[in-house]
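Have a look at the model first.

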Amino acid sequence: AAKEQNNTNNSYDNLLLLPLLKDYMKRIFGGLLKQFSEKLDNVRLHAGRHLENILRSSQQLPDGNNILPFRMDLMNALQLNTNTPAATNDNASSNNKEEEEEMINNVNTTNWSDAKITYPMVIIAANIQEFFFDILS
């Protein structure tokens with residue numbers, strides 16, 4: 001009975017922390033996207049690499065919630081997928097889950113320092129409501 005209560009408390013704690021984690025991750029990604037839109041090639045290079053690494057390695061919380069609700073939108077904006085852009089939602093089918101997993105596992109060889117490649121990505125990412133002001137400020 002104590003073990004069951006402990007599991008219930010952990011689930012409840014995750015639910016309480018989820019809004020804080022999502023806000024924290026939004027701030028981190030907002031800062032990285034701001035750096036990704038900078039003029040300096042080296043700054044864009046490092047920001048792009050970090051964005052890619054985080055997006056590809058992001059995991060779900062134990063209760064199945066994702067810390068990055070904007071993850072697939074950013075993966076599409078940064079062209080981290082090899083398929084056509086996949087629009088996902090909470091009711092995604094197993095087929096969409098398979099496509100998402102394939103996108104995550106594909107290795108990207110993007111030259112993040114090349115402005116001709118990255119600026120179109122920045123414009124697409126700026127269309128994600130959560131990051132518009134972070135990118136353009």
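Start with leucine 17, which is partly exposed at a relative accessible area of 43% (partly exposed sits between buried, under 20%, and exposed, over 50%, with a 1.4 Å probe and protein chains only). You'll find leucine 17 in helix α1, residues 2-36. Together with Leu20 and Leu21, Leu17 makes a nonpolar surface patch of about 270 Å² accessible area. Patch members have over 30% relative accessible area and no salt bridge, and nonpolar side chains (Val, Leu, Ile, Met, Phe, Trp, Tyr) are joined within 5 Å, like charges within 9 Å.

A word on ground rules: this is a predicted model, where local features need pLDDT of at least 70, side-chain atom pairs count only at pLDDT 80 or more, and totals for chains, interfaces and linings use all residues. Residues are numbered from 1 along each chain as its sequence is written, and side-chain values use heavy atoms, leaving out hydrogens and water.

Stepping back, the protein chain has six helices and zero strands (DSSP runs numbered from the N terminus: helices are H or I with at least four residues, strands E with at least two). Of its 137 residues, 34% count as buried. Among contacts with a separation of 6 or more, 64% come from residues 24 or more positions apart, a contact being heavy atoms within 4.5 Å.

Now for the inside. The largest nonpolar core has 26 residues, and Phe29, Phe36, Leu55, Leu74, Leu78 and Phe131 have the most contacts within it. Such a core is a set of buried Ala, Val, Leu, Ile, Met, Phe, Trp, Tyr and Cys residues joined through side-chain atoms within 4.5 Å. Two or more residues each come from α1, α2 (41-57), α3 (71-77) and α5 (115-126), with α1 giving the most, five.

There are also four salt bridges, meaning a side-chain nitrogen of Lys or Arg within 4 Å of a carboxyl oxygen of Asp or Glu. In one of them, arginine 27 pairs with aspartate 23, closest N and O atoms 3.2 Å apart. The two are four residues apart in helix α1, so about one helical turn separates them. Arginine 27 is exposed at 60% relative accessibility, while aspartate 23 is partly exposed at 34%.

Finally, arginine 56 bridges to glutamate 52 at 3.1 Å between the closest N and O atoms, and both residues are buried.

Technical notes
Areas by Shrake-Rupley, 256 points an atom, 1.4 Å probe, with all protein chains shown as cover.
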